[in-house]
Amino acid sequence: MFFRPLFRILPDDTHFAFMKARYFGLLTSAILSTLSVILFFHPGLNLGIDFSGGIVMEARTPGPADNAKLRTTLAAQGIREPRLQRFGDASQVLIRLEAQPTEAATQQMVTKVRTALEQAQAGTKVLRTDAVGASVSSELFHRGLFALGISLLMILVYIWFRFEWEFAVGAVVTLLLDTTKAIGFLALTRIEFDLVMVGAILTIIGYSTNDKVVVYDRVRENLRKYKSMPLRELIDLSINETLNRTLGTSMTVFLAALPLALFGGATLSGFAWVMLFGIVVGTSSSSFIAAPILLLLGEHRLRRDATVPPAKTPVKAAP
Amino acid sequence: MMYFSRLKTMLILLICAAGLVLSLPNLLPGLPAWLPLPTIHLGLDLKGGSYLLLEVDMNAVVKERLDGLVDESRRALDRAGVRPFTVVAQPADNRLLVKLGDPSRQDQALSALRGLATPSGQGISSRPDLDFATVPEGITITLSPVALNERAAAAVTQSIEIVRRRIDETGVVDPNITRQGSNRIVVQLPGIEDPNRIKELLGKTARMTFRLTDENANISSPVPPPGVDFLPMENNPNAKVAVRRRVEVDGGNLTDARAGQNSQTGEWVVNFTFDSIGTRRFADVSRASVGHPFAIVLDDKVISAPVIREPITGGRGQISGSFTAASANELAVLLRAGALPAPLTVVEERSVGPELGADAIRAGGISLAVGFVLVIAFMGTFYGLFGWMANLGLLVNLVLMLGVMSLLQATLTLPGIAGVLLTLGMGVDANILISERIREEVKNGRTPLNAMETGFRRAYSTIIDSNLTGLLAHVMLFFFGSGPVRGFALTITVGIITGLFTATMLTRLMMVRWYSHNRPAMLPV
C-alpha cells in the first residue's frame, strides 16, 4: 500500500471511442443547457439576500418555536408577509422579509423584528441578522457579475494565447454550456444564489478549464507526435491517454468538496453541492463536448491529410 | 529535472521551515509576546460580531454648502447694494440662482459674488470652487465638480474620524473602520451581536448649534420670514420655535461635555465647556441679548430655549431638557465626539452571534479534516509511494498556506475555509499529472531515471497551463469581487501558488532523493 498503487482507476490501455458519441454528447448537452436557460427565466434563480436585498434573521427561542404566535406579533408590529421557516432544530427559526423601499425602512424593520421576537417568546436570542438595502444588493449583483465576467475573459484570453483558435472556441463554447448547466442546477434545486455562489461558479469554470487544458495539451502534443493520424483517432487517443488523470483529479476535488456538502452547515453546503455538480459536468464535458467541438472545427484545418492511413510507429516529437 | 543543487535544496527546505514558523502562532496561541509574529484574523462570520456598511449622504453635503452659499450671497449683495434680489438654491443642479430686481446692475452683482469663490485643488490644477454664469433669469453660481469631490472626500474622511471617536466611547474592543469606495464607510465590530446601540449612536449627525430666536415672528404663519426657521421642540414636536438661521456658536467649539445632575432640581443635564473662540463668541452674544431667549438646537430640533439672564463669560454652560440618565449620557458622548458633516445611513448590516460563529468553525473544521483524510486515502491508494509523497506535500501546502495568510494578515472567513478545502483537492492535480506521465513513460519502455526525467518535464507545461488559468480567474475575483467571495478567492489564490511550490518543488525533491538513495529497478507507478 505504501509502495505500489493498490488500484488503478481504469486500466492503462483503454480505447473508448469517445468521438463516436460526439453527436449524442453535443445534443444531450445542448438540450440540458436549453432546459437550464428556460429554468433560469422560469422559475428563475432563488436570489439570496445579497442580491435581492431584504432581511434575514435567525433566532433561537427558549422552547420550541411558536411560529403562529410569532406571526401574529410580527403582524402587530405592522410587518407584512414575513416568511418563517424552521431552521435546524425546533427552537431555531429563520425570518425573511422582502427588501424595503428605503435603507432607513430596512433598518426600522430590523428593530421591529427584534422587538416582536422578544414579545412573542421572552428570552429569544437573535443569532444572526443580515439586512441588505436595495441599492447595495443591486450593486453587489452587478459587481458579482462583473467579477465573474472579467475572470471568464481572462481565462479565454489565456487559452487564446496558448492554443490555436479551434481550441479556444471549443473551450469557450464548452465553458458556456457548463456554466448554463450550473445555473440550471441552481434554479432547479432552489439553492440560494448569493455572493459565495459567484465564487462557486467561477471555481467550476476554472476547474473545467483546467480539465480541458490537460486534454488539449495532449492533443497538441499528439498532433506533433503522430503526423498523419486522423484527427478523430488522435483525439480519442488523447482522451484515453489522459483518462486516468482526468478521473483522478476530479475524484480528489470531489472528495474534498463532499464533506463540505455533508457537514459544512447551511452556508457552505449549497455552495458545495453546486461544486459537486460542476465537477461532474466539467469532467464529462472535456470528453463529450470540448473534444467533439475541436474535431468539428479542426477536422480539415489541424490535420490536412485526413485520408492518409495512420503511421504505425510514432514519430519522435520534437523537443 | 532530476538534479537539485545544494543551494536549491536548502532554499526549498528553508521556505518550508519559514512557512512552519509563520503558521505556528495560529496553532499555538500561547506563544510568548517577544515573538511578534502576525496571525490570521478570523472573520466576523467565524468569531461573531457586526458588520455595518454606512453611506455618507452626499446630497446633504451639497445642500449644506448651498445653504451656506445662499447666506453668503445675500450678504455680499447687500453690501454691494444691488437690492432687490432673490437667491434660490437648486440642489438638483448643484447651483444657486440669483435673480436681480434691476437687471442693469448685473455686472455689479457679479463682481460682488465673485469674491465668494475660494481656490480648490492644488498646484496648477487649482481653480475656483464656484463657476459663475449669466442666464436669462439672472446669475447662476455652480459648485464646480472638482470642489464638490474634494468636499465629499473631506466629508467622508471626517465622518470616519467621528465614527471612530463615537465607537471608541462605547468601549468596543478592536473596531475596524475603513473607507469603501467614494462615499461609504465599513464598520466592523468584533464581539458585538446586537449593533443597535451603535447604530443609534451613528444615526445622529449631532450637530449642535446655539442660535438666537426671532421673537417677532408669527409662529402660526405658513412660511417663516427670511433667515428664520420654525423648528420643533425635541420633547414636543408640535411646539415650534422661530430660530434664526445664523449660527452664533457651533458644537465644534466645545471642548468637553459630561452628563450630570442639576444640584438643585436633581434632573439630568449635560454640562459643557467651550474652547476660547466659543467662550468669546458666546460671551459677546449673551451680552448683547440679555433678556432674550436663545435656542440650543440639535439636528434641527430645539432641545431648550432658555432666556439669557446675564452675560455668560465663563465658557461653561448647562443643557437641560427632560433628559434621562441614558439620554444625557448619549448626548454627552455625541458632543464630545463631534458632529458628523453629513447624515450616515446604514445600507448593509450583518451580525453574527458567537454561537453561530462557533458552529461555523466546527462545521468548517470537520469538513476540512474529513476532506483531508479522504484525499490522502485516495492518493495513497491510487498512487502508492509517490501518492504518499504528494500527501506529505499536501500537509506542507496546508502549513505554507497558513503561513502566507498570516504574513498577509489575511482574514479567514467561512467561504475561505471552503477555498482551503478545494485547494487541497486541486493541489494534488500536479502530483497526479506527474505520476501518470511517469507511468506512461515507463510503459513506453524508458528506464526509471529517464522516465522520471521525461515525466517531470512533460507534465510541467500542462501543470503551468492548468494552474495559471485558475490563478488568473481567482486573482480577478479577488480584485473585483466583494464581500465573502474575496476571502474565498484569496485562499484559493494563495493555495494555488503554495500548491504549485509543494507539488513541483518539494515532492519532486522527495521523489528525486528517494530515487538516488534507492536506485530502484522499477518505479512504484
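The structure is a predicted model, in which local features require pLDDT of at least 70 and side-chain atom pairs count only at pLDDT 80 or more, whereas totals for chains, interfaces and linings use all residues. Residues are numbered from 1 along each chain as its sequence is written, and chains are lettered from A, with ligands numbered from 1, in the order in which they are written.

Chain A contains 10 helices and four strands, where helices (H or I, at least four residues) and strands (E, at least two) are DSSP runs numbered from the N terminus. The order of these elements from the N terminus is α-α-β-α-β-β-α-β-α-α-α-α-α-α. Along the principal axes, the C-alpha atoms of chain A fill a box of roughly 85 × 45 × 35 Å. By domain assignment, automatic or from a database, chain A comprises domain 1 (18-47 + 137-298) and domain 2 (54-132). The C-alpha centres of domain 1 and domain 2 of chain A are separated by 40 Å.

In chain B, 13 helices and 20 strands are present. A radius of gyration of 34 Å is found for chain B, whereas a compact globule of 525 residues would have one near 24 Å. The C-alpha trace of chain B spans about 110 × 65 × 40 Å along its principal axes. Three assigned domains are given for chain B: domain 1 (6-46 + 353-518), domain 2 (58-149) and domain 3 (203-350). Between the C-alpha centres of domain 1 and domain 2 of chain B the distance is 63 Å. Helix α12 of chain B (residues 448-480) has a kink of about 30 degrees centred on B:Tyr460, the bend being the angle between axes fitted to the seven residues ending there and the seven starting there.

At the interface, 67 residues of chain A contact 69 residues of chain B, a contact requiring C-beta atoms, placed from the backbone, within 7 Å. Elements of chain A that give two or more residues to this side include α4 (103-120), β4 (125-132) and α5 (134-162). The residues on this side of chain A are 38 nonpolar, 19 polar and 10 charged; Ala, Val, Leu, Ile, Met, Phe, Trp, Tyr, Cys and Pro count as nonpolar, Asp, Glu, Lys and Arg as charged, and the others, Gly among them, as polar.

Conventions: Two residues are in contact if their C-beta atoms, placed from the backbone, lie within 7 Å. The radius of gyration is taken over C-alpha atoms; the globule rule is 2.2 Å times the number of residues to the power 0.38.
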